[in-house]
Amino acid sequence: MSGPDLYQILGVSRFASTAAIKAAFREKAKTTHPDAGGDAEEFRLLTLAYHLLSDPDQRRTYNQTGVIPDVVRRSARTGSRRNRRTAEGEGRAAEITRLRVRQTIGNMLLEVLPCIKTPHYEDVVAILHQTASARLKEIDKDIVATKTLLDTLVVVANRIQAKEGENILRELTLERRADQLKILEELKDRENLYKKVREFLEGYTYYLQIETVLVSSDVWKS
């Protein structure tokens, strides 16, 4: 058998199931992917092994001849680039979310701090957490109301009939439903944002100043 041993690259036996091959690829990709600090060539070979061994016909030919078809090599390279683009996209999305969480918490600080009269004795982190929770409750209410409105719009649209000509009123109803779907999507995005804000705040504590109370010994006379 010429070329690399694809089974050895994946760390599976020659009798491994397709599910085992897939699981092995996912596990090794966590550390070999270039975005995770891995080696690009190692990841390319790993992808090549996965693409060939997960295809029953290609795997059978490889077992018999040890030859890696060019089509599999090209597919592996394409898959590697696709995985890299996906990882880059996920990385950008995570960074945008992180920045949004930071911006939201910064805005919340400016909102709650003017209401705090004694910062030595009021738990600012707890107040921020409570503020985020209160906003989540408001968003949840809006989500429920919007879903109810969406259901109503569907019923109304299905019951509207034009006495003659084009059913413009139904079209208007469906247009408003499309607008509400966008609003629902925005509400769900805000809900996810404030959940992340709350998770972020759970990693912090606030040290309160404890006053020293001097009590006369006369009070505690036996």
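Asp57 is exposed, with a relative accessible area of 51%, where exposed means over 50% relative accessible area, buried under 20% and partly exposed in between (1.4 Å probe, protein chains only). The model is predicted, so that local features need pLDDT of at least 70 and side-chain atom pairs count only at pLDDT 80 or more, while totals for chains, interfaces and linings use all residues. Residues are numbered from 1 along each chain as its sequence is written, and side-chain values use heavy atoms, with hydrogens and water left out.

Asp57 pairs with Arg60 in a salt bridge, at 3.0 Å from N to O; the term denotes a side-chain nitrogen of Lys or Arg within 4 Å of a carboxyl oxygen of Asp or Glu. Arg60 is partly exposed, at 45% relative accessible area. Both residues belong to helix H4 (residues 56–65) and stand 3 residues apart, about one turn of the helix. Helices are DSSP runs (H or I, at least four residues), numbered from the N terminus.

By this rule, 7 salt bridges are counted. One of them joins Arg44 to Glu41, with 2.7 Å between N and O. These two residues lie in helix H3 (residues 40–53), again with a spacing of 3 residues, about one turn of the helix. Arg44 is partly exposed at 23% relative accessible area, and Glu41 is partly exposed at 40%.

In helix H2 (residues 18–32), Glu27 and Lys30 are likewise 3 residues apart. The closest N and O atoms of their salt bridge are 3.5 Å apart, and both residues are exposed. Elsewhere, a network of salt bridges links Glu175, Arg176 and Asp179.
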